[in-house]
Amino acid sequence: MAASTNEAVGNFDLVERVKLNYADEITVSKWRSRTSGLTVVHLDYNAPIVKGYFVVATEIFNDSGCPHTLEHLVFLGSEKYPYKGILDNLANRAFAAGTNAWTDTDHTAYTIDTAGSQGFLQLLPVYVDHILWPTLKRAGFTTEASSICDKQVYHINGKAEDAGVVYSEMQGRENTVGDLSARAQQLLFYPKTSAYRSETGGLMEALRKLTLEEIQRYHATYYVPHNLCLIVAGSLPTKTLLDTVNKEVEPIIAAHGQAKGPRPEGWKRPFLETPSAETPKIEGKKQTIEFPEKDESVGEVMLSFIGPPPNAFLERKAIDILGTYLTDSPVSPLTREYVEIPSPLCTYVYFSENTRASFCGLDVYMGSVPTEHLETIDEKLKGSLKRIVEEGIDMERMRVVLKRDRLKLSNELESNGGDWFSGNVIGDFLYGRADGKELKTSMWELDRYDVLAGWSSKQWADILRKYYIDAPSIVIRGKPSAQLATRLEAEEKARIAKQSERLGPSGLARLEKELEAAKKENDAPIPTEVLTMFPVPDVKSISWIPVQSARNDDAKLVRLTEGSRELERHLARDATDLPYFVQFDHVKSEFVSVTAYLSTASLPARLRPYITVYLSSFFSLPVVRADGTKLSHENVINQLNEGTVSYNCNIGAGSLFNELVRIDLKVEISQYEYAIGWLRDLIYGSQFDAERLAVTIAKVQQNLPEWKRDGNTIVGSVSGSLTYDETSTAQASGVTTLIETIPKLAQDIKESPERVIKGFEELRSHLIDPTGLRFSVTGNVLAVQKPRGAWSENFRALPKTTLAPVPLSKDTLSPLGKNPVKKAVVVTLPTIESSFAVHTTKAISGFNDPEHPALRVAVEVLEGTESFLWKYIRGAGLAYGANMSLDLESGLLSFHLYRSPDSFKAFEEASKVVRGLADGSIALEETSLDAAKSSLVYALTRQVSTPARAAGVSFANQVLKGVPQDNGRRTLEALQSITISDVQSAIKKHILPLFDSSSSIAVVVSGPAKVDEIANGLTSVGFEVEKRTLDLPEDEGGDEDGSESGSGSGSESDR
């Protein structure tokens, strides 16, 4: 529906309004201030969480990292609120979990999510003040020659080592295969006149030279009202939102002389009206780049093409669907040819799109490619695409892909509401027409499905030819190099030594002194009255999603909550004798999920290494159905894709209960019986075919080198190997365990397939033990005609039995996990230059422990955004992330450090903070307590913020945790009575032991340059340190006595 051209609210004129009738109605309205040019877009839909995305189009023509650095500096205070961290402190009081931001190639987005709208509207003007008028003052910097040394961004410490939040982030990324490949692609793909060629995160060498003046000039150019879009997604009156901006933002813009209208004289829209708008003229160039890795068995390949214009929405959707058709399951053409084979040519093929000013970049990624195929696999891929076109698109399979993709969209909209379209709004702001006329078209997904459903095989083939087969491409090959890993380590040590020599003792002392002075000034306390002028919202303002809950237990129907009478009556009308456990949790939804929880408690330790392969192959094995019909693995996959929205098989529920196997099928309401029948046949009727098992084992084995490059994954796996014993299913699935077990399993499936198959059959016999089976139905149960009868008609008859208790991780703790003392392990990974750490101690266990509320608040007081760990560790540049995790299931409390230049130094600083809070030398104010409680309101609300989440939490609370359905809300009530004294007691009793070697253990994963120093530091405080490398099987290369390997290959540029 088109907008009326004369509708206005204050300074804001309506540009476009779109009503989307997908599930619940979503109304999108775009407004622009005629005086300042500020854009506001409201995605209005019902949800308990309100989300904000405040977007600036940011274009840079060098690798200085100015956009990314500015993103971090915005949070150091603003003109009206000149206190570092005040934005996050106020956010914590507004039922939010702090703020966040990311820097992409073409924009920077600042984000905030709050429970309810009251806190959001309070915070909005404060946030805009930080974005448009940040302090960016000299006091935030210390200077050595022409370098920025802001402790938040980059600085040199007293040991001549480089640190800082931005620097730590980029240090953790710069030499990963993902970033090295992306960098090489940018340089080959884009001309020198294009900003898309730039590394907006900043290269480390450039960050060491970036100046404050450059950042100030950049901010003045791009951080202006007419280049800012405030996107708000959630339930609040649009007029209330615009009134807030009219009253509290627009006058300040005018006072700064920035009310120059939507298009001031001389303004050029970034990317659209600059040299970046030129479409590259690429040729068939190929480049091999090396990345540091001792394991040289596999690399990665990336192919890049030029796609359609940004506003060619139908073609873009067709390309997206083709990517799904080609790769989404084991029966997809490319996955079947490249991945689902005994010796995989890669472990995944993935198609992606990047929107640019005049075109969309199309990338194809191939992961874990054996090095012997790196030089040839791109041509083989193009040959495969050509053959697929010549043979013709399988139109029946395309019909299923379109149908399922459409259902997934409906599911996403139900889960995320209008927030799902925030990406469309960002793209429209950056590249859409100024009059907003492309906004509706960009969002009208259902129309595109209807059009594409009528396409012929030739039309699909023409798209493949046009954009992939006949089009030129850039090819980047990422090749692992053990020699490069050694050289980078030596170069970094030499650089620091040279830096130390250049600065000398007096220079280093001066830098340390200047850094401490800057830290002291930047960390000046925020006046209490400034914080308390922003009241904490009322919890009653939050709207909760109602869940009706009832249970079929031992053939009896039990209503579980007072508000579930309608569900109870509906189930009672379907009188069926079910002799097993099924819980029904009803929410308003278009879908219903059936889930089985299988216990691994009785599984022998010798079979636990099979669990990863069992889960990975669960939906891709042949099946004998209940009526005796035999289906190939391809038929199984095709029928599941035809009849479901999604299907998953994992360990655990969320991050807990990892001694359970969880099998879930989500379907349309009409397919409820279909889902139950398939759940039965997948659990009982799967055939452990040796060839299919060998394919799955080969994929897992080929993935291991990539997994081993992730420092965060390795530190968690090694920590788990210390705290859990051989009866732990979760630990049997850890990377460090798989390194040992998967190669052996690969050998066994070749030499003794019958013995391996027998092992899988024995594994299943333990999993299907009726004493450990629990079933869940979540979704629109009231719309299901036979919610109980469908089980008796479509599931297997089970003997009447008494359920065993839910298995808990505390029952699988190792002796060290039960008594964590003294032990420390330091692991070397040559590709990373930063470090990761986990320190663990004993704490409370059980979901009803009376000490839980106080300890939960104490943890939040420490780790909340701009709270103590944030200020003293992240704020000081000692780590990119520092947080705590309280595991009530195992009874363990852990302290985590993420991307730290020196994890021991960060650990020491955290220890000082915790000891100071415990003995009172560091003050704990009421405002910190209020902020922690408020942030927990958001965390607990988010857990139940969608129908699927609310229903899932209902089951987990009542069945797995053994607490009431509304335990989250009860916890919120309990939190309100927690005092400062309670928090200090919890810190002394439970958190302080984390920082004492006599009551904790530690695992650190580090780049080679810092291993000895970190190990010596841990030894100095009483830990018994063991140094490790990752042992590699002989066929994976490396030294005879083992090899060190890998860093994280992920990439992120948020806070």
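Contact here means that heavy atoms lie within 4.5 Å of each other. Helices, which are DSSP runs of H or I with at least four residues, and strands, which are runs of E with at least two, are numbered from the N terminus. The structure is a predicted model, in which local features need pLDDT of at least 70, side-chain atom pairs count only at pLDDT 80 or more, and totals for chains, interfaces and linings use all residues. Residues are numbered from 1 along each chain as its sequence is written, and side-chain values use heavy atoms, with hydrogens and water left out.

**Exercise 1.** Describe how α25 and α27 cross, and sort the residues of their contact by class.

Step 1. Axes are lines fitted to C-alpha atoms, for helices over the stretch in contact, and angles run from 0 to 180 degrees between N-to-C directions. The axes of α25 (residues 711-723) and α27 come within 7 Å, and they cross at roughly 80°. That makes α25 roughly perpendicular to α27, since angles of 65 to 115 degrees count as roughly perpendicular, those under 35 as roughly parallel, those over 145 as roughly antiparallel and the rest as oblique.

Step 2. From α25, the residues Thr713, Ile714, Ser717 and Val718 meet Val735, Thr736 and Thr737 of α27.

Step 3. Ala, Val, Leu, Ile, Met, Phe, Trp, Tyr, Cys and Pro count as nonpolar, Asp, Glu, Lys and Arg as charged, and the others, Gly among them, as polar. The contact of α25 with α27 therefore divides into 3 nonpolar, 4 polar and no charged residues.

**Exercise 2.** Work out the packing of α24 with α27, including the hand of the crossing.

Step 1. Helix α24 (residues 690-707) packs against α27 (residues 735-751) at an angle of about 145°, and their axes are 9 Å apart.

Step 2. The crossing is left-handed, a term used if the near helix is turned anticlockwise from the far one by less than a right angle, whereas clockwise is right-handed.

Step 3. Among the residues that meet are Leu693, Ile697 and Trp707 in α24, and Leu738, Ile742 and Ile749 in α27. By class, this contact of α24 with α27 has 15 nonpolar, 1 polar and no charged residues.
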